[in-house]
Amino acid sequence: MSEPNSPQRVIPIQPLFASDPKVYPRTISGLFQRWRWVFAWLTQIVFYGLCWLPWNGRQAVLFDLDARRFFVFDFVLWPQDIIYLAILLVLSALALFLFTTVAGRLWCGYTCPQTVYTEIFLWIEQRIEGDRPKRIKLDAAPWSARKVGLKTAKHSAWLVLSLWTGFTFVGYFTPIRELADATLSFSLSGWETFWVLFYGAATYGNAGFMREQMCKYICPYAQFQFVMFDPDTLIVAYDEKRGEARGGRSKKAVPAEEGLGDCIDCSICVQVCPTGIDIRDGLQLECIGCAACIDACDQVMDKMNYPRGLIRYSTENALKNRSSTNTIIRRSLRPRVLIYSAVFFSLLAVTVWSLATRVPLKLDIERDRAVLATEAADGSIENAFQLSLINASEQARTFDVSVTGIDGIHLSAPLQVVVPAAASASATAQVRVEPGVLRVGSHPFRFSVVDAQDSTVTVSEEAKFWMR
């Protein structure tokens with residue numbers, strides 16, 4: 001029991017969440033930074049331009065959800081083609097496993113939308129507010145007319161780009177020229193308005209504010225990337241044996257004589273990192289493999305007249321064993337990589353073959369269940385079927401329908417079905433069999449549908465004829 005009037009021990013309350021300091025990436029140039037901008041340009045040209053590309057009287061890529069059909073250049077995909085979506089997801093997963101096993105987070109560093117848009121937003125920020133020291137000084141300064149003007153200009157540019165991004169996104173689901181006309185006439189539908197604003201707000205928030213927080217805490221890929229790494233995975237790595245001990249020195253100093261490594265501890269590698277980490281602490285979850293630190297360190301090495309490569313793309317085994325480039329390349333062809341490659345390219349080849357030989361005709365058959373069998377005027381037994389034909393090409397087609405598989409089976413009358421381009425049509429088929437040919441019960445036969453002008457476009461589906 002404590003004595004009266006004894007001082008009480010105060011336990012400080014620890015916060016449940018400590019916000020990270022804002023990251024101010026420094027502008028850097030170099031080989032890998034140029035490659036990042038090449039991929040940024042390529043991805044954005046495709047994203048912003050593809051929906052404006054005309055193709056067969058429509059836009060090249062259009063996901064028409066109302067009509068339940070997707071246009072992808074010459075391909076018209078219907079709900080029955082859902083298998084291709086499943087294959088695309090499997091191919092994406094296999095590509096992720098393969099490329100990550102070989103070379104780490106290349107996707108994150110060079111083509112991930114979060115990385116690309118963050119880079120674009122940073123470029124806008126640097127153009128308006130200046131490079132890293134100026135941005136830090138501006139944010140720390142009290143509010144003034146100049147600060148308000150710069151911040152307003154930056155956020156206005158961000159908002160314009162974000163809204164254009166949202167508009168383009170919706171343009172893949174609503175024909176973009178119609179969307180543009182509706183926007184100019186202020187006649188957008190409620191859903192179109194919602195998705196333009198929603199996707200624009202997501203771009204504005206993710207690339208303008210969340211930035212590295214998306215990579216650190218939200219993106220699931222960052223959380224399980226290390227599962228796909230092994231000691232021979234190519235990563236951005238700091239050569240600790242060469243760099244330590246760190247320390248400043250004059251340009252004329254000989255590091256070995258002063259007991260120093262090649263790292264001059266300038267911290268530029270940290271300043272250029274878009275996630276604010278120090279690569280010298282080893283591989284970390286936050287590293288997106290963008291190689292900005294490589295470009296920065298190489299420039300410092302050039303100024304100090306030291307060999308490049310203190311920070312470089314390498315592997316854990318290569319750093320440990322001082323392996324040559326040839327050894328790194330040879331070790332990249334390990335069993336795990338070969339298995340991923342074999343499965344990926346085999347499935348890719350099968351998918352390409354399937355699309356190349358795909359018949360632009362789909363047939364669905366539904367029996368008239370209200371009446372299983374009736375007797376026709378000529379005494380034959382008749383079954384009725386509803387045929388649904390989908391023309392998966394962009395030209396109108398005329399199809400001839402026939403039946404086979406049972407002796408004497410025939411249609412009550414010749415049947416031709418005209419299906420418009422990229423559309424569907426239905427028809428009723430009356431199928432007859434002479435009495436006494438079949439016993440009571442169901443009997444399999446086949447419907448055959450052939451293009452009247454192109455006999456290579458044909459499908460055949462099984463049905464059941466009911467005999468009473």
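1. Strand S12 (residues 410-411) pairs with S14 in the antiparallel sense over 2 bridges. Within this pairing, histidine 410 faces arginine 432 of S14. The model under review is predicted, and the points below should be read with that in mind.

2. S14 has a further partner. Strand S10 (residues 381-391) runs antiparallel to S14, and 11 bridges join the two. In this pairing serine 388 is opposite serine 426 of S14. As background for the student, strands of a sheet pair through backbone hydrogen bonds, either parallel or antiparallel.

3. An open sheet is built from 4 strands in the order S13-S11-S15-S16, and its pairing is antiparallel. Its edge strands are S13 (415-419) and S16 (458-467), each of which pairs on one side only. Neighbouring strands of this sheet are turned against each other by 30 degrees on average, direction ignored. Strand S11 (residues 397-404) is joined to S13 by 5 bridges in the antiparallel sense; here aspartate 400 has glutamine 416 of S13 as its bridge partner.

4. Another open sheet consists of 3 strands in the order S3-S4-S5, again with antiparallel pairing. The edge strands are S3 (61-64) and S5 (75-77), and each of them pairs on one side only. The twist of this sheet averages 10 degrees from one strand to the next. S3 and strand S4 (residues 69-72) run antiparallel and are joined by 4 bridges, with aspartate 64 opposite arginine 69 of S4.

5. H4 is mostly covered, as 13 of its 17 residues are buried. Glycine 130 follows the helix, and its phi is positive, near 100 degrees.

6. Some backbone angles deserve attention. Most residues other than glycine have a negative phi, and most peptide bonds are trans. Against that background, arginine 322 has a positive phi near 55 degrees although this residue is not glycine. Arginine 322 is in the loop between helix H14 (316-321) and helix H15 (325-332), and its relative accessibility of 44% makes this residue partly exposed. Alanine 422 likewise has a positive phi, near 50 degrees, in a residue other than glycine. Alanine 422 is in the loop between S13 and strand S14 (423-433); at 5% relative accessibility, this alanine counts as buried.

7. The bond from glutamate 244 to alanine 245 is cis, with omega near 0 degrees. Alanine 245 is placed in the loop between helix H11 (240-243) and helix H12 (268-271).

8. How many disulfides does a search of the whole structure find? The count is 0. A disulfide is a covalent bond between the sulfur atoms of two cysteines. The cut-off used here is 2.5 Å between the sulfur atoms. For cysteine 219, the closest cysteine sulfur is that of cysteine 108, and the distance of 5.6 Å is too far for a bond. Cysteine 219 is partly exposed, with a relative accessible area of 23%. For cysteine 297, the closest cysteine sulfur belongs to cysteine 269, at 6.6 Å, which is also too far for a bond. Cysteine 297 counts as buried, at 9% relative accessibility.

9. The aromatic side chains form 25 pairs by the rule applied. One of them joins tyrosine 204 and phenylalanine 209; this pair is edge-to-face, with 5.2 Å from centre to centre and 75 degrees between the planes. Ring pairs also link Phe63, Phe70, Phe169, Phe173 and Tyr199 into a cluster.

10. Charged side chains are also found over aromatic rings. Arginine 105 lies over the face of tyrosine 221, at 5.6 Å from the ring centre. Lysine 147 lies over the face of tryptophan 143, at 4.4 Å from the ring centre.

Definitions and conventions: Residues are numbered from 1 along each chain as its sequence is written. This is a predicted model: local features need pLDDT of at least 70, side-chain atom pairs count only at pLDDT 80 or more; totals for chains, interfaces and linings use all residues. Side-chain values use heavy atoms; hydrogens and water are left out. Buried means under 20% relative accessible area, exposed over 50%, partly exposed in between (1.4 Å probe, protein chains only). Rings of Phe, Tyr and Trp (its six-membered ring) pair if their centres lie within 6.5 Å; planes under 30 degrees apart count as stacked, over 60 as edge-to-face and the rest as tilted. A charge sits over a ring if NZ of Lys or CZ of Arg is within 6 Å of the ring centre and within 35 degrees of the ring normal. Two strands pair if DSSP finds at least two bridges between them. Axes are lines fitted to C-alpha atoms, for helices over the stretch in contact, and angles run from 0 to 180 degrees between N-to-C directions.
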